[in-house]
Amino acid sequence: MLLVHPPASRPCEPPPGLARLSGALTARGVAHEVIDANIEGPLHLAGSTCKRRDTWTVRAKKNLERNLSFLRSPEGCRTFDRYSRAVRDVERAVAAASGGGFRISLADMTQETLSPLRSTDLLLAAEHPDGNPFCEYFAPRLREAIARASGDVAGFSINYLGQAFTAFAMMGFLRREFPRLRIVAGGGLITSWMSRIDLGARFSGLVNRFVAGPGEVAVLGLSGVEPDGETRHAAPAYDRFPLEDYVAPGLILAYATSTGCFWGRCRFCPERAEENAYTPVPLDLVKDQLRGLVSRHVPAVVHFTDNALPAAVLRHLSKEPPGAPWYGFARVTEELADPGFCRLLAASGCAMLKLGLESGSDRVLDAMQKGFDTALSLRVLKALRDAGVPVYAYLLFGTPYETEEDADRTLKFAAEHSDCISFLNLAVFNLPTKSPDADRLKTRQFYGGDLSLYLDFEHPGGWDRRRIKVFLDRRFRRHTAIAPILRRDPPIFTSNHAAFFGGRDGEAT
Ligand code: SF4
């Protein structure tokens, strides 16, 4: 079996989904190959010659190896300015391979006239793999891997829209060159699509099977091996990934203690709209697996990829530190407002917590069904600040429940408590097609494609995207208390690298 993670998404850590599949196959002794094309592909493009001769591109190409070694070393996060310059130069070296209407970056890939949200455009990408800028890399790589891999299955993990064109180009290439190969596709994006679209009907000549949700049972079944009781919670295996190559100041090891979300009630959230099941890994297994992974790979940081770390896991980490710095998403809860508990988390190596604060308006938080109010947000922020745990805060604007006055309250809240916020992510709300609010709003297609996951909607209070953009650009981002927080955000890699910086003007932890 061959497992592939296509480009392009931030190439800073081995992909957790594929590592879990590799873990399930390894546990049952199934031979398999793994290709993380998301790191191999961009590095190939960055290192290849290109026609662009402008000063910046020539410099970025010439200094590529030096910049990569710097970014991969602990020095990479010592000085924010030097780090930012190196990241932007590596980005430039990759982006120079853009062409044929494709725009490539370290974090994304788009196409001028085609949309990854139109199945006909994805079929076009599959029919013409030679037109994909990554083809020169993936054609020989896939040929060689298929020749070496046993079995007749190639599985693709597709999680982001930026991966879609190249994933389909790679699958189209394999279908053409190896017609008898069984092609399987899964991952977060496929799961979201499958919650509302019959993918099998659209891509029947190309993909033999689509898998929604965790794919461990499916890949074992495809290998002719009966899954057992441990298959669903097999430890991720990172041995087949090029751990030295990722662009990060040290190994970031991703680990999920659960899939889905234990809260699952926020009205705006795709997890709720798609009705994804919450499945925690039993805590004893979490302890064993974490211990094993940390001692085997000695990561610079453990990235918990849970939608929200369950309270039991946070308590466990506070008592038994994993042996490496760690970060992840947590919910705003009473427990996190306890200064003593936050001090224990800090002592356990908590290098950053990501918090979905969403709004500074209690009316909005209530309507969102977030399950907390601004008073609790503030107590949590202060307890984490006092314990020395940097916070990456997520704010959401433009939900149907928000007015401009509410957005003002959010600005006031963030500005007044900016000393508690190390990093900020500002998002404008997209309405999931299956949102509980979709029926009561006037909606229209947002991206104009049959694979679109979101709807545009007429805001009941006229607080539309144009007005929100003006508010964010002219008032929010320019606020003297907010602007320094936004400047601190690591370029391109944002929250994936933020834990390496202390959250105070770019100093390393
Ligand atoms: S806590 Fe996060 S993942 Fe869970 S339902 Fe709310 S927004 Fe979604």
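The largest cavity is lined by Pro-16, Arg-20, Arg-232, His-233, Ala-234, Pro-236, Tyr-238, Ala-254, Tyr-255, Ala-256, Val-281 and Gln-289. Two elements, helix H1 (16–27) and strand S8 (252–255), each give two or more residues to this lining. A cavity is a set of points, on a 1 Å grid over the protein atoms alone, where a 1.4 Å probe fits but cannot get out, and lining residues have an atom within 4 Å of a point. Helices (H or I, at least four residues) and strands (E, at least two) are DSSP runs numbered from the N terminus.

The model is predicted: local features need pLDDT of at least 70 and side-chain atom pairs count only at pLDDT 80 or more, whereas totals for chains, interfaces and linings use all residues. Residues are numbered from 1 along each chain as its sequence is written, and side-chain values use heavy atoms, with hydrogens and water left out.

A search of the whole structure finds one cavity of 30 Å³ or more. The largest cavity holds about 100 Å³ of space, a volume being the space filled by probe spheres set on the grid points, which are joined across faces, edges and corners. Its lining comprises eight nonpolar, two polar and two charged residues. In this classification Ala, Val, Leu, Ile, Met, Phe, Trp, Tyr, Cys and Pro count as nonpolar, Asp, Glu, Lys and Arg as charged, and the others, Gly among them, as polar.

His-233, one of the lining residues, lies in the loop between helix H11 (216–222) and S8. His-233 is buried, with a relative accessible area of 18% (buried, under 20%; exposed, over 50%; partly exposed, in between; 1.4 Å probe, protein chains only). Residues up to four places away in sequence apart, His-233 touches Thr-279, Pro-280, Val-281, Pro-282, Leu-285 and Gln-289 (contact, heavy atoms within 4.5 Å).

In helix H4 (residues 64–71), the buried residues are Leu-64, Asn-67, Leu-68, Phe-70 and Leu-71. These residues cover an arc of only 160° around the axis, which puts them on the same side of H4; the arc is that of the directions from the helix axis to the C-beta atoms. Glu-65 and Arg-66 are exposed on the other side of H4. The buried residues of H4 pack against helix H2 (37–47), helix H3 (55–62) and helix H5 (80–95).

Methods. 1 Å grid on protein atoms, 1.4 Å probe; cavity = no way out; pocket = protein on both sides within 12 Å on 5 of 7 lines; lining within 4 Å.
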